[in-house]
Number of protein chains: 2
Amino acid sequence: MPYFDSASSAPLHPVARQALLAALDEGWADPGRLYREGRRARMLLDAARETAAEAVGCRPDELSFTPSGTHALHTGIAGALAGRRRVGRRLVVSAVEHSAVLHSAAAHEGAGGSALEVPVGRNGAVSVDSFLSAVRSGADGSVAGLACLQSANHEVGTLQPVAEVAAGCREAGVPLLVDAAQSLGWGPVAGPWSLLAASAHKWGGPAGVGLLAVRKGVRFAAPGPSGERESGRAAGFENLPAIVAAAASLRAVRAEAAAEEAARLRALVERIRSSVARVPDVEVVGDAVARLPHLVTFSCLYVDGEALLHALDAEGFSVSSGSSCTSSTLTPSHVLRAMGVLSEGNVRVSLPRGVPEEDVTRFLEVLPGVVAGVRESLGAGSLGSASVPDAPGPDLVVDALGRRCPIPVIELAKVIGDVPVGGTVTVLADDAAARLDIPAWCEMRGQEYVGESPAERGVAYAVRRTR
Amino acid sequence: MPYFDSASSAPLHPVARQALLAALDEGWADPGRLYREGRRARMLLDAARETAAEAVGCRPDELSFTPSGTHALHTGIAGALAGRRRVGRRLVVSAVEHSAVLHSAAAHEGAGGSALEVPVGRNGAVSVDSFLSAVRSGADGSVAGLACLQSANHEVGTLQPVAEVAAGCREAGVPLLVDAAQSLGWGPVAGPWSLLAASAHKWGGPAGVGLLAVRKGVRFAAPGPSGERESGRAAGFENLPAIVAAAASLRAVRAEAAAEEAARLRALVERIRSSVARVPDVEVVGDAVARLPHLVTFSCLYVDGEALLHALDAEGFSVSSGSSCTSSTLTPSHVLRAMGVLSEGNVRVSLPRGVPEEDVTRFLEVLPGVVAGVRESLGAGSLGSASVPDAPGPDLVVDALGRRCPIPVIELAKVIGDVPVGGTVTVLADDAAARLDIPAWCEMRGQEYVGESPAERGVAYAVRRTR
């Protein structure tokens, strides 16, 4: 049963399992105690810290283990901002960071600080210049307190220009925190970053372990009540068996990645990218070259993301989606929104290490039929292949109020042939995905997106027929 | 090799190990996902929550899993205080709470709130009346924002009057948070408490899991950046295998406790209490009756706690100590200080479930010799048994400046016979333990503690010979 969502959580790596079992027997005592069980726990903890620090590329005493990647981000951001509060209270982040970073930014704003989201291009990457100018000088001319940039995006796999941004931040004297959750299992983060966060269950380590590296010389004041453990940066009893397993598996996956697994998965993803692009009305999103080896995301016009996930699940494939109709938020993924790409029928495939090639082959075999089946069930079966019929009539208004993604786009596609070339279809919609998907449809189908205007209810999206 | 420090961390219970192994295979996926691995994880998480809630005595939707007991306390205290910030900003705690509670109190004060520590008696328990009057009315006449009381003390095992305090708090309209870390494995917490925190590795569950129960109707605003998981009360990916193991082992240890293990350990501790009390110049501390079944603490005059721990470790026994000379803080445990009992040569024995009776027997056999050996090495071998010689001279001043516990007390004991009955020995000391241990020595040896006064260096402690 192929599991293609390793970017959410990877199955436990065999090395992690083995290390965890050994450490359950050897590492349950308090490493702060002086008796033999405590000394043994301390030795295991010290060894795990050395292993993990080597993989991160920092000194062991710069590295703390936290209860999760989210904790590492929350603590890293709050601690670095508090350490620099007299210098600058502006937090600069990319618009496509993990929600844990954006939640930290919101909390910082709630506490009187300011936060600035740097936009990304259609490929999902920030521009080095835009990012650095946001770092260097705010509306009030002040330098930023902290900048945060992910090493690679978790939804579309695009690599960010972290090394250049880190160099620019160092020049500006602003610490850069890198969220390396998606990339650390594949290699170290280049450049003179100041803080780094990661999460073990993303690389096949156990849940319950995050990493927070804080370089010597970075001003840092840990948030929350004080604690003695992990340099005061992670309160609570160390989850030692999981820490040992996390460190051992990080070393193991790095070795595998270097040997051949990264190249093998990169080639498999390349196959998916080219094959999926041949399915009618499907857009592959994210950078084609500067990307994670194992992750690819695409969106399918006229497709309901939840129905697509269910259909793939029924075929035995576990994938995730950034479509609004598969989440409880009613809005599409903030990453897809920031990129300005189609969100309907969105699928993220993130291959686990060791995935058999046959699983990918079968996925590519079933996908076109699954997509066609979902379109059929939505009455949009013929929209993909049909040419626009030439039956000119007056401008049209389509009322899609109260209808959820992908219906507004399907209704638009159904009637575009009913207006003359040069004529306009206006879609009334109150679904948040329409703002993203109607312009994306225009781009994909070569029609002109005129713009949006407020309507009595919802929003009016105007599209001009150009061919 | 007998491990007698289960109050720090208990070895993994076999049921926890088995459940953890099963859940490593079944429960590594994100329980928020819709595909089969996610649905399976969700089912495991829901089942674990029901099991744990039943053991706690709350509804499943009142219970969140946190990364540790410390996190549960930090979040519970900050969340309840924030929820009641318009009603009252005073936090009332006992003086013998776990350091995680006291650190939260310090953070609350640092943020402009106020915190009040209610003192305890020599047995380590608060008085219900004192606690409730601190809850009801502060210096400004206002009701408290939150009260915190442990169910049982972690260092001396004394049970607190939680049920009565909870009833009084409810009457006053003040939420009570109970730190049940030490007692939850033995039984539920009685009384109408509002919040409850606990830690799985204390009952033989894995590290990395805490419990936070917040009763419906309790105003609560979770601190820190927002998160979607665990009712917004614990950010970060759920540590599901450990959560499953925590819930399963809680049910198992409860069943064992009810069957006979609690009674068996209670009897073993009773044996230790009476046997240790027969060792010369040893004081057993903590309530003799209202106590945890498995924990006993005692202090030995003229003994260096660290040397005692090392000597016991060499005999194969792992215990912990609240003596200042075994910690990095230079001050004795805040619990012993609050109780006003002897801190030197302090030993906490907390028996793990299933401990063989022979281990306890052998401990009681070696203890007197180990204590005597440490006293001998400190030149205090004859102080315990020797009667006070009658060689009256003038009042004496003993300079113990720069000497650490237990030397100041040893120096005092060496010279008390050199002054006449009615005469005074003044000990100059700058070790923090002297403030606790010199009065405790007087109490144990029937001498009169006159009081302390500032000296040119350190503090002058005056003792009058009365026999």
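This is a predicted model: local features need pLDDT of at least 70, side-chain atom pairs count only at pLDDT 80 or more; totals for chains, interfaces and linings use all residues.
Q: How many residues does the contact take from each chain, and which helices of chain A supply at least two residues?

A: We'll count residues instead: 46 come from chain A and 46 from chain B. On the side of chain A that touches chain B, the helices that each supply at least two residues are H1 (14-26), H2 (36-56), H3 (69-83), H4 (99-110), H7 (240-277) and H8 (305-314). H4(A) gives the largest share, five residues. Sorted by class, that side of chain A has 20 nonpolar, 18 polar and eight charged residues.

Q: Which residues have the most contacts inside the largest nonpolar core?

A: Those are A:Leu308 and B:Leu308, in a core of 324 residues. Take B:Leu308: skipping its neighbours within four places in sequence, you'll find it in contact with B:Cys300, B:Val303, B:Gly345, B:Val347, B:Val370, B:Val371 and B:Val374.

Q: Where are the domains of chain A, and how many residues do domain 2 and domain 3 put into their contact?

A: The assignment for chain A lists domain 1 (14-253), domain 2 (260-377) and domain 3 (396-464). The C-alpha centres of domains 2 and 3 of chain A are 24 Å apart. Their contact takes 20 residues from domain 2 of chain A and 13 residues from domain 3 of chain A. On the domain 2 side, the classes are nine nonpolar, six polar and five charged.

Q: How do strands S13 and S14 of chain A run, and how many bridges join them?

A: In a regular strand, side chains alternate between the two faces of the sheet. In this pair, S13 (residues 448-454) and S14 (residues 459-464) of chain A run antiparallel and are joined by six bridges. One example to look up: A:Gly451 has A:Ala462 in S14(A) as its bridge partner. Four residues lie between the strands of this hairpin, and A:Gly458 takes a positive phi near 70° there.

Q: Is B:Ala235 buried or exposed, and which residues does it touch?

A: B:Ala235 has 27, so it counts as buried. Its place is in the loop between strand S7 (210-214) and helix H7 (240-277) of chain B. Not counting residues up to four places away in sequence, B:Ala235 touches A:Thr70, A:His71 and A:His74 from chain A, along with B:Gly224, B:Pro225, B:Gly227 and B:Arg229.

Q: What kind of peptide bond joins A:Cys405 and A:Pro406?

A: Look at omega: it is about 10° here, and the bond is cis. A:Pro406 is in the loop between strand S11 (396-399) and helix H11 (407-415) of chain A. In chain B, a cis peptide bond joins B:Cys405 and B:Pro406, with omega about 5°.

Q: What is the phi of A:Glu230, and where is this residue found?

A: A:Glu230 is not a glycine, yet its phi is positive, about 50°. A:Glu230 is in the loop between strand S7 (210-214) and H7 of chain A, and is buried, with 20 other C-beta atoms within 10 Å.

Definitions and conventions: Residues are numbered from 1 along each chain as its sequence is written. Chains are lettered from A and ligands numbered from 1 in the order in which they are written. Two residues are in contact if their C-beta atoms, placed from the backbone, lie within 7 Å. Ala, Val, Leu, Ile, Met, Phe, Trp, Tyr, Cys and Pro count as nonpolar, Asp, Glu, Lys and Arg as charged, and the others, Gly among them, as polar. A nonpolar core is a set of buried Ala, Val, Leu, Ile, Met, Phe, Trp, Tyr and Cys residues joined through C-beta atoms within 7 Å. A residue is buried if 20 or more other C-beta atoms lie within 10 Å of its own, exposed if 12 or fewer, and partly exposed in between; C-beta atoms are placed from the backbone. Domain bounds come from an automatic or database domain assignment. Two strands pair if DSSP finds at least two bridges between them.
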